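Hi everyone, thanks for coming. Please have a look at the structure on the screen, and I'll walk you through a few parts of it.

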Amino acid sequence: MAISSSLPRLLRRTPSSLPLRWRLRMFLAGERSRPFTTCEGSRPSIVHKRSLDILHDPWFNKGTAFSMTERDRLDLRGLLPPNVMTPQQQIDRFMVDLKRLELNASDGPSDTNALAKWRILNRLHDRNETMYYKVLIENIKEYAPIVYTPTVGRVCQNYSGLFRRPRGMYFSAADHGEMMSMVYNWPAEQVDMIVVTDGSRILGLGDLGVQGIGIAIGKLDLYVAAAGINPQRVLPVMIDVGTNNENLLQDPLYLGLQEHRLDGEKYLSVIDEFMEAVFTRWPHVIVQFEDFQSKWAFKLLQRYRSTYRMFNDDVQSSAIPLSNTPIHCRTREQLSIFLVDFYFRFYALQHPCFMFNVSHLFDFILSSLIHLTLYSGTAGVAIAGLLGAVRAQGRPMIDFPKLKIVVAGAGSAGIGVLNAARKTMARMLGNNEFAFEGARSQFWVVDAMGLLTEGRMNIDPEALPFARKLKESERHGLHEGARLAEVVTKVKPDVLLGLSAVGGLFSKEVLEALKDSSSTRPAIFAMSNPTQNAECTPEEAFSTVGDHIVFASGSPFHDVNLGNGKIGHCNQGNNMYLFPGIGLGTLLSGARVISDGMLQAAAQCLASYMKEEEVLNGIIYPSISSIRDITKEVAAAVVREAVAEDLAEGYRDMDPQELQKLTQEETVAYVKKNMWEPHYPTLVYKRE
């Protein structure tokens, strides 16, 4: 009687993935469950699977690395070759296979070598997640461009054809009213990080609709590899509100809604419902908005940032007001007094032979003030690069507001960088309305219709502050709609900044015009992604303008051999230097919102990472190979800023009071301790 009444409950409670014979055997043996535990972060996870089911689960599959004890207890004996291999042996075998296949795995001439690598890595991800991330972490410099920019752009363009195994979640306009229940279909009980896109502006490739999910997947791969976010606690999301890409609307194989994009209140209602649903199930999740068209990027940021833990590193600037600084200085004068005092205390204590130098003091104060005006994400990386370019020119930092910058592109990323640079200049010039207005005159913005001036009709409100006054333009011999080459010729800029998503825009004519720059070391920033959208290549820049330039790009390029032992350094200004650390620091601090100060702390940390001798040699960004160490430092800076602003609410067993007691070194150690490492968990423990 007991058996007949208990059996239905058992069959409902035990995992459906177990064969019926196993669930019956467990019941008859008196075992309601035989839990095998593995470490998920610092919490145990229950493994109910056996046999082929566990081999087909990428979270728990170890392949040939299962121990003999695990093979016996998990019914794997006979299903694997008899030799138990170490994880390193597995990786060595995979790398040999990858090097052999990467030139031969393409599906025809349109499938590039990089896309072939992506296919092979994706198959590994499907079958063995731990090994996938171990390969990615140990070879991050080589494979970051494969799983993220620039290859991810090609992946998104072809995603409908590449789709094999579902990854992430899809919320569409057709799901209106159902999202609250849909969010519970995701199997993870806890999600720490969501990257969401609507596919409207993927990199510089435009509207790719539902295929934009590839950018969310790629970005979360870097959150795992660079920041150590647990891969079982991340979720890529696509919000499909249609597409205006006519090719996709006519493609019978397209996976998304084949209708034009929603707009206005209908669009907002879909995003509102999604945000309410995910934060209802996972109240502490962090949501990063990615590659939304500028029309919505700024509006959505302002709509949600004070309510939810979310950010958009493409457009979000982070100038921190002095009233929020942890040293509690309310005016520029008070801050300067504090810095003078700190200067004498620090140097007198650290340098026994210290001798006062007015110039040294001035540079110290100015550098400190600059560090209070940095930014995050795309803008943060760009500003860090621009400041690095000033340093590389051997000029004093006070010259930064004097830079003449020609900007090609006025999309969401371009406007974000412009706002960041303008605020930085204004703060250095006195941080008042006059300084803010004066800083505007340092920028010359050229978009698809040419030079942007106040004479243009229907200017985008976000770009309007950077429209040149007609009289200013005329004084330089320029007019509304002037071509880029003409603007460069007349302005003679110190910096040519590309955020246009137009490959080859910096033509030979444009680069030749830059040779007459008023700077002794002009800087060229070809920041558009993916690679084919870069405004120019480093070879074109160095060969045309000269070997004295500073060059940076959004996509990775090889350094250029200039001959005579000289190297033209190609700096990659990728936002992956910042966003993983921002996400990890927010998670580990338990901050209820992501403040401007936290973003500023991240950018400040990156700016101080480069050594002076490296900058003078033209190296303004660190190597991608050190990304995990950079992220650790950035995350620690974010944690400390969250604590200083009284935003931290703690994480797991670390409450805000304990976070506050941590020194800088202890905060870094705390971050490192909580970074996930790709080690195979022990599923079965052998009794000694």
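Which residues are buried in α6? They are Leu115, Ala116, Lys117, Trp118, Arg119, Ile120, Leu121, Asn122, Leu124, His125 and Asp126, where buried means under 20% relative accessible area with a 1.4 Å probe, protein chains only. So that you know what you're looking at: this is a predicted model, where local features need pLDDT of at least 70, side-chain atom pairs count only at pLDDT 80 or more, and totals for chains, interfaces and linings use all residues. Residues are numbered from 1 along each chain as its sequence is written, and side-chain values use heavy atoms, leaving out hydrogens and water.

Back to α6, residues 113-127: its 15 residues reach 22 Å from first C-alpha to last, close to the expected 21 Å, which is 1.5 Å times one less than the number of residues. Helices here are DSSP runs of H or I, at least four residues, and strands are E runs of at least two, numbered from the N terminus.

Next, a helix pair. Helix α8 (140-147) packs against α12 (213-227) at about 155°, with axes 9 Å apart. That makes the two roughly antiparallel, a label for angles over 145 degrees. Ile140, Ala144 and Val147 of α8 meet Gly218, Asp221, Leu222 and Ala225 of α12; contact means heavy atoms within 4.5 Å.

Finally, the sheet. It is open, with five parallel-paired strands in the order β3-β5-β4-β6-β7; strands pair if DSSP finds at least two bridges between them. The edges are β3 (169-172) and β7 (310-311). Two bridges join β6 to β7, and Gln288 has Phe311 in β7 as its bridge partner.

Methods. Axes are lines fitted to C-alpha atoms, for helices over the stretch in contact, and angles run from 0 to 180 degrees between N-to-C directions. Angles under 35 degrees count as roughly parallel, over 145 as roughly antiparallel, 65 to 115 as roughly perpendicular and the rest as oblique. Buried means under 20% relative accessible area, exposed over 50%, partly exposed in between (1.4 Å probe, protein chains only).
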